[in-house]
Amino acid sequence: MSMWFYDDRNEMEGFNNLREAVKRLEKEYLDLRIQLRDTERDLKSDPDSEYLQAKVKYLKKRLKDIEKKGPRLADDHPLEFSLFSAPHG
């Protein structure tokens with residue numbers, strides 16, 4: 001065991017598994033947000049399309065499910081701002 005966390009992080013299987021799971025969740029969330037943006041844009045050009053309305057509803061539901069799994073994904077300010085930015089005041 002080394003003195004620094006980053007020296008032996010490759011040996012920690014749990015850490016790597018968690019990191020990969022978070023990456024997959026973030027990628028899925030981003031993909032859904034992009035699909036929702038594009039579908040809403042298409043819906044504005046064709047507001048009577050039942051298919052597009054159903055797709056928007058479905059994508060919003062999937063996004064809410066992912067936000068329940070990872071609530072920090074839907075925060076207004078990323079966690080990194082709180083951790084690494086200068087203090088206010």
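## Exposure and overall architecture

A residue is termed buried when its relative accessible area is under 20%, exposed when that value is over 50%, and partly exposed in between. Arginine 37, with a relative accessible area of 49%, is therefore partly exposed. These values derive from a predicted model.

The chain contains three helices and zero strands, and along the sequence its elements follow the pattern α-α-α. Of its 89 residues, 18% count as buried. The accessible surface of the chain amounts to about 7,900 Å², and carbon and sulfur atoms contribute 55% of that area. Among contacts with a separation of 6 or more, 46% involve residues 24 or more positions apart.

## The nonpolar core

The largest nonpolar core consists of eleven residues: Leu25, Tyr29, Leu32, Leu36, Leu43, Leu52, Val56, Leu59, Leu63, Ile66 and Leu73. Helices H1 and H2 are the elements that give two or more residues to this core.

Leucine 73, one of the core residues, is in contact with Leu25, Glu26, Tyr29 and Ile66 when its neighbours within four places in sequence are left aside. Valine 56, also part of the core, has its C-alpha 9.0 Å from that of arginine 37, at a sequence separation of 19 residues. Arginine 37 itself belongs to helix H1.

## The loop between H1 and H2

Helix H1 spans residues 13-45 and helix H2 spans residues 50-69, with serine 49 in the loop between them. Serine 49 has a relative accessibility of 14% and therefore counts as buried. Its side chain reaches the backbone nitrogen of leucine 52 at 3.2 Å. Leucine 52 is in turn a member of the largest nonpolar core.

## Salt bridges

Side chains of opposite charge can pair when their charged atoms come close. The structure holds seven salt bridges. One of them joins the side chains of glutamate 20 and lysine 23, with an N to O distance of 3.9 Å. Glutamate 20 and lysine 23 are three residues apart in helix H1, so about one helical turn separates them. Both partners are partly exposed, glutamate 20 at 35% and lysine 23 at 45%.

A further salt bridge links glutamate 26 to arginine 72, whose closest N and O atoms are 2.4 Å apart. Because glutamate 26 lies in helix H1 and arginine 72 in the loop between H2 and H3, this pair ties together parts that are 46 residues apart in sequence. Glutamate 26 is partly exposed at 31% relative accessible area, and arginine 72 is partly exposed at 36%. Lysine 60 and glutamate 40 also form a salt bridge, with 3.7 Å between the closest N and O atoms. Since lysine 60 is in helix H2 and glutamate 40 in helix H1, the pair ties together parts that are 20 residues apart in sequence. Lysine 60 has a relative accessible area of 41%, and glutamate 40 has a relative accessibility of 31%.

## A nonpolar surface patch

Leu79, Leu83 and Phe84 form a nonpolar patch on the surface, and together they have about 360 Å² of accessible area. Leucine 79 is located in helix H3, which comprises residues 79-84. Leucine 79 is partly exposed, its relative accessible area being 43%.

Technical notes: Residues numbered from 1 in each chain as written. Predicted model: local features only at pLDDT ≥ 70, side-chain atom pairs only at ≥ 80, totals over all residues. Heavy atoms only, no water. Helix = DSSP H or I, 4+ residues; strand = E, 2+ residues; numbered from the N terminus. Buried < 20%, exposed > 50% of the residue type's maximum accessible area, 1.4 Å probe, protein only. Polar contact = N/O pair within 3.5 Å; in protein donor to acceptor, adjacent residues only side chain to side chain. Core = buried A, V, L, I, M, F, W, Y, C linked by side-chain atoms within 4.5 Å. Contact = heavy atoms within 4.5 Å. Patch = residues over 30% accessible without salt bridge, like charges linked within 9 Å, V, L, I, M, F, W, Y side chains within 5 Å. Areas by Shrake-Rupley, 256 points an atom, 1.4 Å probe, with all protein chains shown as cover. Salt bridge = Lys/Arg side-chain N within 4 Å of Asp/Glu carboxyl O.
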